[in-house]
Every structure is written in structure tokens, then in C-alpha cells.
Amino acid sequence: MESLIVLIPLSVVLVLVALKAFLWAAKSGQFEDLDREAARILEEDDFPDSSSGRP
Amino acid sequence: MTSLVGTERLSVAEALACYHCGLPVPPGSVITVPVDDRAEPVCCHGCEAAYHWLQDQGLDRYYALRQARLGQRAEATAPAWSTPEIAQRYLTQEGEEAELLLALGGLRCSACAWLAEKSLGALPEVTDVHVQLASERLRVRWRGDASNVPRLAKQLRALGFEAAPARSEAAHALRREQGRRSLARLGLAAVVTMQIMMLSVADYLDLLSDLTPAYRQLLLWAQGVLASLVMVGAAGPFFQGAWRSLRLRHLTMDVPVALALGLAYGASLYLVLAGKAAAGAPVYFDSLAMFTLFLLAGRFAEERLRHRFAQSDPALETLLPLSVERLRGTAPTDTAERETVHPMDLLPGDRILVPAGATIPCEAVVLSGSAALRLDHLTGEAAAKPCAPGDAVPAGATVLDGMLTLSVRKPASEGNLAALPALLARARESQGKTLPLLDRIARKFFAFQLLIALGTGLFWWAVEPEQALEAVLATLIIACPCAVSLATPAARTTGALALRKQGLRLGQGDALERLAQVSLVVLDKTGTLTAPEGQLHCLERGPAAEDPWGLAKGLEEDVDHPLARAFDQADASALAFDERRLVAGSGVEGTREGHTYRLGRPSFCGQTGTGITLAVADGAQPSGWRLVARFAWEERLRSEVKDALEALRAQGLRLALLSGDATPRVEAVAKQLGIGQALGDAAPEDKLRAIQRWTDAGERVLYVGDGLNDAPALGGATVSLALGAESAFARDAADLVSVRRDLRAVPFAVGVAKCLQRRLRRNIFWAVGYNVAAVPLAVAGLATPWLAALGMTLSSLVVLVQAQRLAGDGDRWGTALWKA
């Protein structure tokens with residue numbers, strides 16, 4: 001039972017951390033264009049330095 | 001993907017284009033495909049296979065179509081707005097880098113976005129490019145200044161995207177910011193509510209009965225901290241709204257919401273701090289968090305939908321063309337040097353050149369050339385107006401044919417077009433708004449709630465002072481207006497979705513509620529009731545025996561002009577001509593059986609008067625013209641108009657006609673449609689005044705229009721609907737926009753609005769009924785926090801289900817009106 005004294009505040013702190021991350025994402029516009037950004041990760045990028053790294 | 005890079009690596013001499021994909025064929029490749037009798041190179045076996053597949057499927061026309069496109073691609077020119085002088089107005093320069101925000105047309109999917117990004121990104125000066133698909137915007141940054149813009153614009157055009165500087169960006173940015181904040185609030189409320197729920201459900205289920213008060217206190221503290229987060233981070237809008245409504249002495253739903261939230265939070269916090277909660281006094285942290293979450297979710301859905309269709313505030317900027325050709329010096333039109341400038345830069349005395357299809361940017365006088373002007377969106381006049389040297393022309397008129405050299409009389413920031421936004425703003429202030437249904441109910445509800453709470457408090461104070469606070473709190477929470485407050489956003493959201501199915505967009509959130517109360521429908525004539533393309537009728541026939549329709553049809557055959565298309569629909573067989581030629585700005589000439597025929601302007605045919613004239617002369621040397629026939633445009637009522645008006649009458653609405661066209665014509669149309677009231681010759685201000693007269697007489701007016709000249713009336717009516725989305729200005733001024741030019745949209749919207757009203761009433765009945773049933777429990781001190789939470793959830797659910805049924809109402813109206 002004593003563990004609750006640590007666990008309950010800890011859960012509140014964790015929620016705060018998760019919230020902080022979410023709020024940052026929302027405020028920086030991460031949820032604005034779900035279609036385009038979802039596809040972006042699938043695109044092959046021709047980074048200037050990527051060719052040197054590949055075999 | 002590697003293609004763009006690959007293209008640059010190959011030297012031009014080696015680059016043989018693949019017949020299928022257009023990419024360079026690698027040196028030494030020998031793969032070819034048989035095209036007609038030749039062998040065309042392809043770059044790889046993949047393209048070879050694709051070529052054969054298309055052939056096998058009979059789809060080889062693809063290449064013909066594609067070739068045309070490739071040809072276009074090669075000669076893509078930079079659009080007129082991209083000249084550095086004009087582009088300078090729209091870009092932001094930060095040191096060495098410049099940034100431009102473009103509205104991109106032709107963007108359909110993620111692949112288009114990718115293409116646009118990569119093609120610009122391939123330019124060496126571009127440092128960053130980002131497409132946002134949802135808003136169809138492209139943001140590009142590059143090293144340099146306005147002088148790079150033509151190249152960027154050309155690149156986009158070559159790919160088939162129509163780009164133009166994004167105007168009225170401030171409103172967009174504001175909405176974006178609002179959207180982000182709403183999302184942040186909703187997310188915060190959701191996460192935190194779940195945490196609070198977790199902590200309190202344990203209590204409801206009596207899992208904590210063997211805990212010592214110290215542990216209980218710990219759990220309560222955790223709940224209190226989380227609830228504070230909700231109050232501070234998410235419930236702000238309710239308190240702001242309540243404060244605003246109190247200051248304006250205009251009671252809205254926000255007041256009881258804020259009161260319930262504030263009291264529940266304050267009292268619960270007090271009970272925790274005083275240690276009473278740990279001893280068993282009920283706290284309502286979970287209820288208030290859930291309450292906030294539900295309401296925020298409802299408002300978020302509504303706001304999302306509204307923002308998606310959101311229009312910008314109508315601004316002068318959007319009325320003007322992006323660029324205009326100005327003549328330098330004093331040389332005659334043909335020899336003078338031309339420059340492309342922004343309309344805002346024009347000064348009185350400047351000479352400008354306006355070709356067919358373009359819009360006149362400012363009030364001006366015709367110097368040379370003659371043309372027909374389209375004014376219907378400006379004045380409501382259906383007939384095109386001819387103009388000749390010396391005539392004054394208004395800003396906003398569209399040149400139908402010919403080419404005009406104009407002398408600017410007033411800068412674009414003054415004159416008839418510039419007056420419209422101001423007039424619209426004035427109209428909006430005077431708009432005959434009605435108080436939303438819920439706000440009217442809110443007053444009664446609020447008073448009722450307060451009285452009950454007060455009575456409960458007094459009763460318990462006399463009987464058992466210890467219980468008083470708890471009982472008052474329970475009353476307020478149980479009677480909290482969650483379901484009632486949720487009713488409106490839920491109904492609006494489903495209502496807007498139902499409208500969208502038939503191509504209607506909601507500009508103002510409360511438009512549907514206002515629409516449900518409408519008593520008089522005022523219709524514009526030109527464009528609203530009539531088709532933009534009229535039909536021709538024969539005014540007068542000469543003594544000759546020829547069939548004028550057959551002659552005209554033969555002369556205009558295959559000519560690409562509205563007139564030609566109208567003749568094409570005539571019920572006659574086209575007579576063959578030996579030879580025909582187009583005379584730009586005048587008409588058509590043709591020879592047949594030794595006679596020369598001309599069809600066009602009266603002066604072109606050696607006649608006086610008006611109308612489209614057909615004349616004949618003997619021999620090849622035309623002189624001595626004889627009149628064959630004279631045609632005139634006749635307005636044509638669109639086919640669905642009668643049905644739509646019938647449906648409106650069946651809905652118990654009265655009709656009136658209000659038009660800028662000549663009174664006799666307006667009255668003729670009104671008579672034909674059985675509309676009792678008709679007003680013609682109405683300028684935009686007159687329309688607004690007429691609307692205001694009706695409003696003052698107690699009518700709730702729905703105005704339906706489509707043109708620029710309707711904008712003030714659209715803004716001033718109780719509620720308004722713009723038909724067709726061509727005029728951005730009218731669109732932005734209206735509460736509802738029908739994308740289709742179909743009058744049945746009006747009875748449809750009214751039908752959905754009435755259903756919404758009914759559902760909303762029923763919803764409120766449910767919500768109030770629930771409160772009436774539950775409040776006695778609270779008054780008696782029997783309500784517990786879990787009962788309050790359960791009741792709130794259930795009543796909200798009932799409200800949502802009711803609202804959902806609006807979708808079905810919309811479908812029913814849709815099939816009833818569009819069944820034929």
C-alpha cells in the first residue's frame with residue numbers, strides 16, 4: 001500500500017509529460033495536414049549525402 | 001524519383017526522349033516500339049511493356065493526348081502575376097532569402113503534392129518548399145528576391161498546377177491558430193479526464209473502502225491537481241464566453257455552463273482542502289472534467305467543419321485581377337511598349353489593355369476598340385452591353401470579345417468596385433439576426449436552475465445545515481446543462497454534413513437555425529432563376545425567303561463562341577457554306593451560292609439598330625446589304641426553377657423577386673412564375689434597402705443571389721444563400737453556398753433547417769426532461785457523484801443520437817427534390 005504514495009504522484013507527473021508532448025505537437029501544427037505528412041515518410045528522399053552512405 | 005536528378009546529369013545531345021515516359025533514353029539503349037511505321041525509342045523494358053499493354057487495351061490514344069500535353073509543357077510561360085514588380089507585393093524578404101505563399105490549384109493527392117515539392121526543390125536557389133494538401137497551399141523559400149519568381153511560377157505551370165499568390169492570408173492564419181488551440185484544449189481535456197475517471201471509478205465501485213483517510217486524501221489530491229489542469233488549460237472558453245455575455249447583458253448557454261463548472265470545482269476543492277472529502281463528502285472532479293470534455297468535443301467538431309469551408313472576409317483584393325497590361329508612353333496601342341503591373345499600381349490617366357475574357361480592374365474610359373461587356377454579376381442586367389470609344393466602363397466588368405484600350409479614371413482603390421466591401425460591412429452590421437433558439441431557452445433554464453439550487457440550499461440550511469453545501473452542489477451538477485449545451489453543436493455538425501452531401505456549404509455556424517425561421521424568400525433573377533447561357537429568338541425577318549436559322553447555324557458551325565453554341569441548339573438543319581471566315585470582334589462572314597452572308601453586329605452587316613444581325617449581299621464584293629433576320633437573346637429559366645419554387649411554397653414560404661435588370665423583364669419573369677412581388681432596376685444599395693424594408697416589416701428574409709451586386713443584400717438579409725460558387729465575393733458574403741447552380745438547393749436547405757429545428761427542440765425537451773426527473777433526487781440529497789456522471793453521459797448520448805438522425809432527414813429531402 002505504501003507504494004501508492006510514490007505511484008499516484010508519479011502517474012500525475014507522467015500525465016503531465018505526455019500532455020506536454022501533445023500540446024507541443026498540437027501547437028506546432030503537427031495535426032494540420034494529416035494526408036500529406038502521412039505520405040511523406042514513404043517517399044524516397046534524394047538527400048545529397050545519402051548516396052555516399054549506400055553500398 | 002531519381003528522374004529529376006537523372007535528367008540534369010545527361011547532356012542535352014545524348015538526351016533522346018523515351019516515347020512512353022518522356023525521360024531520356026540511356027546512351028546505347030536499343031529498345032524501340034513500333035509507332036505507325038516508325039520505330040520510336042523507349043528508355044526501358046518497363047516502358048516497352050507499358051506501351052504494348054496500352055496498345056492491346058486499345059488505349060493508344062493516350063499518346064496523342066499526352067503528346068499534346070508534352071507540347072504544352074515545352075512552351076509553358078510564366079504567368080502574368082509572376083513579374084517581379086507584382087510578385088514583390090506578395091513575398092516576404094528576410095535578408096538573402098525570400099518566401100512566398102501560393103494557393104495551388106490542381107492539387108489532388110499526395111502524389112501531386114510530392115511532384116510540386118520535388119520539382120521546385122530541384123531548382124538550385126530553392127532552400128525549402130512545403131505543400132499543405134488540406135489548404136492547397138505551397139510555401140517556398142529561396143535565396144534571392146522577386147526576380148526568381150517567374151522561374152518558380154513557370155516550373156509549377158509546366159507541371160499543370162495553376163498557382164497564384166495566396167491573398168487574404170491573415171484570416172487563414174487566424175483560423176489556423178484557433179484550430180490549433182481548440183485541438184490542444186480538447187486533447188488536454190481528454191487525457192486528463194481519463195486520469196480522473198480512473199481515480200474516481202475505484203471509489204464508485206467501492207474498491208477503496210478499506211483505505212485509511214490518508215490514502216484517500218492522496219487520491220483526492222491527485223484528482224484535484226488534474227481537475228485544476230482541466231479548468232486552467234481547457235475550460236477557458238466557457239468562462240470567457242460567460243464573462244462576455246454578462247458584460248453585454250445577453251444571456252447565452254455559456255453562463256450556466258461556467259457557473260456549474262466554477263461552483264463544482266470550487267466546492268470540490270474546498271471539500272478536499274477542508275478534509276471533508278476524505279471523510280466521505282462527495283466531490284465532482286470527474287463530472288466537471290467529463291462535462292468540459294463533452295462540450296469541447298461538440299464545439300471542436302463544429303468548428304472543424306466551419307473552418308474547412310471557411311471563407312475569407314470579402315476583400316477588394318480578391319475582386320481585382322492579379323495583373324494588368326499597361327501601355328508605356330504615348331505611342332498608339334499597336335506600337336506602344338507594354339508592361340505588366342498590379343491593378344493597385346494604376347493611376348488615373350494610365351492606358352491599359354484589356355483583352356477578351358479579362359476583368360476591367362478600375363473605372364475607365366474606352367480609348368479604342370469595341371467590345372461586349374458582361375455586367376450581369378455587377379448590375380444584374382442579363383444582356384451583354386456593347387461599348388465603343390468614349391464610353392465609361394465600370395470596374396469589375398468582364399470583356400466578352402474584342403480588345404479594349406482604356407484610360408484609367410479612378411485608381412482601383414476607389415470607384416464602384418471598391419465601394420462594395422464597405423457596403424457589405426455596413427449591411428452585415430444591420431443584419432436582421434435572430435437569437436438562437438437555445439439562447440432563448442438558456443434564460444429560462446438558467447433561472448429555473450438557480451431557483452431550484454437556491455430553494456434546496458435554504459431547505460437544507462433550515463433542516464440540516466451540514467448537508468446544505470452538498471445538496472446545492474448535487475443539484476447544480478445534476479441539473480448541469482451538458483446535454484442542452486451539446487445539443488446545438490451536435491445538431492449543427494450533422495446538419496452541415498447533411499447539406500454537404502448536396503453540395504451546400506455552411507459559412508456561418510448559426511445559419512441553419514436562422515434559416516428555419518425564414519418567412520419570405522427573396523430571389524435574384526439573373527443567374528439565380530435564369531441560365532447563364534440564354535436562348536436566341538428571332539426578332540425580325542427580312543423579305544428574303546431563306547431560312548435564317550439554317551443560315552446562321554451553318555455560318556456558326558464549329559465556331560467556339562457562346563453565340564455559336566446557342567445557334568447550334570436551334571431546331572434547324574445547318575446550310576452548307578463554300579467559305580467562311582471569322583472577323584474578330586464583329587462576327588462571321590461566309591459565301592454561299594454566289595451570295596455573301598454576314599452574321600454579327602448590326603454595323604458589320606451594314607445595318608443600324610441592335611441585336612444579332614444576319615444580312616446578305618450579292619456577289620463577292622459586299623455592298624448593299626439586305627436584312628435577312630435579327631436575333632436577340634432571350635433569357636431562359638432553368639428547368640428546375642419551377643419545381644424548386646413549388647417546393648418552397650409547399651414549405652409555407654412567400655416569394656419575392658428583386659433584380660438589377662429592367663423592371664418590365666423582371667415583372668415578366670415574376671408573372672411567368674407566379675411570384676407576387678417583383679422589384680426591378682435595383683442597384684446593390686437598393687437591394688439592401690428593400691431587404692431592410694422587409695425586415696422592418698417583420699419578415700425574416702432569406703436572400704438568394706449569385707452575383708457581385710447581390711453581396712450587400714446577401715450580407716444584410718436574415719440569412720442568405722449564394723447560388724454557384726463563381727463570384728468569390730458573393731460566396732464570402734453569404735451564410736450558405738450552393739456549389740451547384742441549382743435552385744432546388746434552397747428548398748433543400750430550408751427543409752434540413754426545419755428538421756434541425758425540430759430535432760433541436762426534441763433534444764432540448766429530452767435534456768430538460770432528464771433534469772426535471774433527476775433534480776428531485778438531488779434536492780432530496782440522494783444523488784451521488786456516480787449517479788451524476790452516469791446521468792450526464794446518458795443524456796448527452798441521447799442528444800447525440802437525435803442529432804445523428806438529421807443525416808437521414810437530409811437524405812430524405814435530397815431524394816424528394818432530386819428524384820427526377
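Predicted model: local features only at pLDDT ≥ 70, side-chain atom pairs only at ≥ 80, totals over all residues.
**Entry 1: chain A**

I began with chain A, which has 55 residues. I counted 3 helices and 0 strands in it. Read from the N terminus, its elements run α-α-α. I then looked up burial and found that 20% of the residues of chain A count as buried. The accessible surface of chain A is about 4,100 Å². Carbon and sulfur atoms account for 69% of that surface.

**Entry 2: chain B**

Next I took chain B, with its 820 residues. I noted 28 helices and 31 strands. In chain B, 52% of the residues count as buried. Its accessible surface is about 36,700 Å², and carbon and sulfur atoms hold 57% of it. I also looked at contacts between residues of chain B at least 6 apart in sequence. Of these contacts, 65% join residues at least 24 apart.

**Entry 3: where the chains touch**

The area buried between chain B and chain A is about 2,600 Å². Carbon and sulfur atoms give 66% of that buried area. I looked for salt bridges between the two chains, and the count is 0. For polar contacts, I noted 1 residue pair between chain B and chain A, with both residues at pLDDT 80 or more.

**Entry 4: B:E97**

I listed what else B:E97 touches, leaving out residues up to four places away in sequence. Besides B:R141, the list holds B:T92, B:T127, B:W142, B:R143 and B:G144.

**Entry 5: B:D547**

I found B:D547 in the loop between β21 (535–541) and α19 (548–555) of chain B. Is B:D547 buried, exposed or partly exposed? Its relative accessibility is 35%, so B:D547 counts as partly exposed, since that class lies between 20% and 50%.

The side chain of B:D547 reaches two backbone nitrogens. That of B:W549 is at 3.2 Å, and that of B:G550 is 3.1 Å from a polar atom of the B:D547 side chain. Leaving aside neighbours within four places in sequence, I found B:D547 in contact with B:A572 and B:L575. B:A572 is 25 residues from B:D547 along the chain, and their C-alpha atoms are separated by 8.6 Å.

**Entry 6: B:R592**

B:R592 is in strand β23 of chain B, which spans residues 587–592. I looked up its accessibility, which is 16%, so B:R592 counts as buried; the limit for that class is under 20%. A polar atom of the B:R592 side chain lies 2.8 Å from the backbone oxygen of B:A576. Apart from neighbours within four places in sequence, B:R592 is in contact with B:L551, B:L575, B:A576, B:F577, B:D578 and B:Y597.

My last entry is on backbone angles. Most residues other than glycine have a negative phi. I noted two residues with a positive value.

B:E593 has a phi of about 45° and is not a glycine. Where is B:E593 placed? I found it in the loop between β23 (587–592) and β24 (595–600) of chain B. With 60% relative accessibility, B:E593 counts as exposed, the cut-off being over 50%.

B:D681 is not a glycine either, and its phi is about 50°. I found B:D681 in the loop between β28 (677–679) and α23 (684–696) of chain B.

How values were computed
Residues numbered from 1 in each chain as written. Chains lettered and ligands numbered in written order. Heavy atoms only, no water. Buried area = accessible area lost by both parts, 1.4 Å probe. Salt bridge = Lys/Arg side-chain N within 4 Å of Asp/Glu carboxyl O. Polar contact = N/O pair within 3.5 Å; in protein donor to acceptor, adjacent residues only side chain to side chain. Helix = DSSP H or I, 4+ residues; strand = E, 2+ residues; numbered from the N terminus. Buried < 20%, exposed > 50% of the residue type's maximum accessible area, 1.4 Å probe, protein only. Contact = heavy atoms within 4.5 Å. Areas by Shrake-Rupley, 256 points an atom, 1.4 Å probe, with all protein chains shown as cover.
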